[in-house]
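User: I am new to this structure and would like to go through it in questions and answers. Please start once it is shown.

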Amino acid sequence: MLDILHCSSEVAPFSKTGGLADVASALPEALTRLGHKVTVVTPLYASIDRDKHGVRPTGRSFDVTLGGRTRNLEVFEAHLPQGTHVVLLGCESLFGREELYGTRDGDYPDNHLRFAFFSAAVFRLMRSLRIRPSVLHCHDWQTGLVPAYNRLFHLDLCGTVLTVHNLAYQGLFPADVVPDIGLPWEIFNPEGVEFYGNVNFLKAGLVYSDRITTVSPGYAGEILTEQFGCGLDGVLRGRGKDVVGILNGVDYQQWSPLTDKLIPDNYGPDDLSGKKACRQALLGEFGLEPSFEGPVFGVVGRLAAQKGFDLLAEVLPDLVEMGAAVVILGTGERAVEENISEAARRFPRNVSARIAYDNGLAHRIEAGSDFFLMPSRYEPCGLNQIYSMKYGTIPVVHAVGGLEDTVIDIKEEPERGTGLKFREFSAEAFLDALRRSVSLYADKRAMDAVIRRGMDMDFSWEASAGAYVDLYEQTID
Ligand code: ADP
């Protein structure tokens, strides 16, 4: 049995802006099921509903001092449904804000302090709780300093694993924050935490962790290249075999049409009638005609350049022309939001967008759509295409990263296909996949076969959690 401490800036259901939160709760839960002792530590943001999630104060608190500043952090705790222990660190001046990282107008200017204090607090927490995990598993740039502090100040107390959920988010700050985050100037060089004159939190994690993982084998290969490496491909190549891709699983307790309480009707592969009801309700919820007969394409995601919404906006008129309806849920960059809202205004009978973050609606889109669109420029893993397959909703994806790894194209493998892929990132290639989708929709038997194959796919966490355990064992050998 291993003792594992996960450090993550978001953990579902407490806090979430993207797939990281799902992984940071589902992986620890899967490890708990495998019999390991697992704790997850995360900030207690003001937006977390303490009553709803059973978050209680423990009465413990401790001071953390970095660069001459001292903050007092209070220890709260809660449990995930399968019993994984979650520690939430409260500190009004660092985390007493509604958002996790910033507002629509930009990131909080003190994010370097917020996440440096959080990372340093992990070690104080271990002392306070008298725990000494064998492995610290960190996630993304927000906890990139944990492996650095472990190596520099704690004599490699624990083995460390850093998982990169998205290499494009690196936590870059000006050089003058180096003393504020408690780092010595000696490591402010290209072999250490420097990145073209700035401090790079993710790079700190890449340099000082024992092992690096990312969330699909496909993305693990891609990030070693200049095209997808976001300037860190050299550092990653330098780590050689220490970089591995382990595909994310998904939490079917949350995402299964058989049991989902957030959708109007439950269904499974043996009886899809509930899916029809979900489709009608979804069209109604989006203000479209519930008796609409053409294919319904769903989209859920952060409205960021990564997700290819510009490509979506480009093909929307043609998709409408083909007789489709499109329902879109997302929040994010203002320019992308406006682009999408504008398309919805232009085609009010076929396109409807909700600019919001709404978990229930995300579930209802998965259940009520016929196809799910993910034209991402790059995609480390992607969860929605995996959810889609379980909900009998056929994914149409750009063949990249985790999308390439999880979706089988029906033209490339007619007997095994679970979705449609386009390889070149262009409106033309995307349109070709959309035309193929619309023809598939017209062929009910073929459509049904693809739906059923998708619903039969199993991306549960067990296999991936086993791969992480093997990796943890390597870090403590
Ligand atoms: P990323 O982590 O890059 O945002 P993923 O596909 O890995 O992308 O995970 C996205 C997760 O966030 C999914 O669970 C998805 O349903 C959810 N999500 C994204 N945007 C929204 C939104 N506007 N409303 C509800 N859920 C959302």
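Analyst: A residue counts as near a molecule if one of its heavy atoms lies within 4 Å of that molecule. The model discussed here is predicted.

User: How many residues are around the ligand, and which come nearest?

Analyst: The shell around the ligand has 7 nonpolar, 8 polar and 5 charged residues. In total, 20 residues are around the ligand, and those that come nearest are Gly-19, Arg-302, Lys-307, Ala-356 and Asp-358.

User: Between which domains does the ligand lie?

Analyst: Elements that each supply at least two residues of the shell include helix H1 (19-33), strand E15 (296-303) and helix H12 (384-390). Shell residues come from both domains, so the ligand lies between domain 1 (3-251 + 461-476) and domain 2 (273-456).

User: Are Phe-371, Phe-372, Leu-373 and Met-374 of strand E18 buried or exposed?

Analyst: In a regular strand, side chains alternate between the two faces of the sheet. In E18 (residues 371-374), Phe-371 and Leu-373 are on one side, with Phe-372 and Met-374 on the other. Both faces of the strand are covered, and these four residues are all buried.

User: Which residue of strand E19 stands opposite Leu-373?

Analyst: E18 runs parallel to E15, joined to that strand by 2 bridges, and Phe-371 in E18 is the bridge partner of Phe-297. E18 also pairs in the parallel sense with E19 (residues 394-398), over 4 bridges. In E19, the residue opposite Leu-373 is Val-396.

User: Where is Ser-209 placed, and is Ser-209 buried or exposed?

Analyst: Ser-209 sits in the loop between helix H5 (201-208) and strand E13 (211-214). Buried means under 20% relative accessible area. Ser-209 has a value of 1%, so this residue is buried.

User: Which residue has its backbone oxygen 3.4 Å from a polar side-chain atom of Ser-209?

Analyst: A polar contact needs a pair of N or O atoms within 3.5 Å. The side chain of Ser-209 has a polar atom 3.4 Å from a backbone oxygen, that of Arg-211.

Definitions and conventions: Residues are numbered from 1 along each chain as its sequence is written. This is a predicted model: local features need pLDDT of at least 70, side-chain atom pairs count only at pLDDT 80 or more; totals for chains, interfaces and linings use all residues. Side-chain values use heavy atoms; hydrogens and water are left out. Ala, Val, Leu, Ile, Met, Phe, Trp, Tyr, Cys and Pro count as nonpolar, Asp, Glu, Lys and Arg as charged, and the others, Gly among them, as polar. Domain bounds come from an automatic or database domain assignment. Buried means under 20% relative accessible area, exposed over 50%, partly exposed in between (1.4 Å probe, protein chains only). Two strands pair if DSSP finds at least two bridges between them. A polar contact is a pair of N or O atoms within 3.5 Å; within protein, one must be able to donate a hydrogen and the other to accept it, and residues adjacent in sequence count only if both atoms are side-chain atoms.
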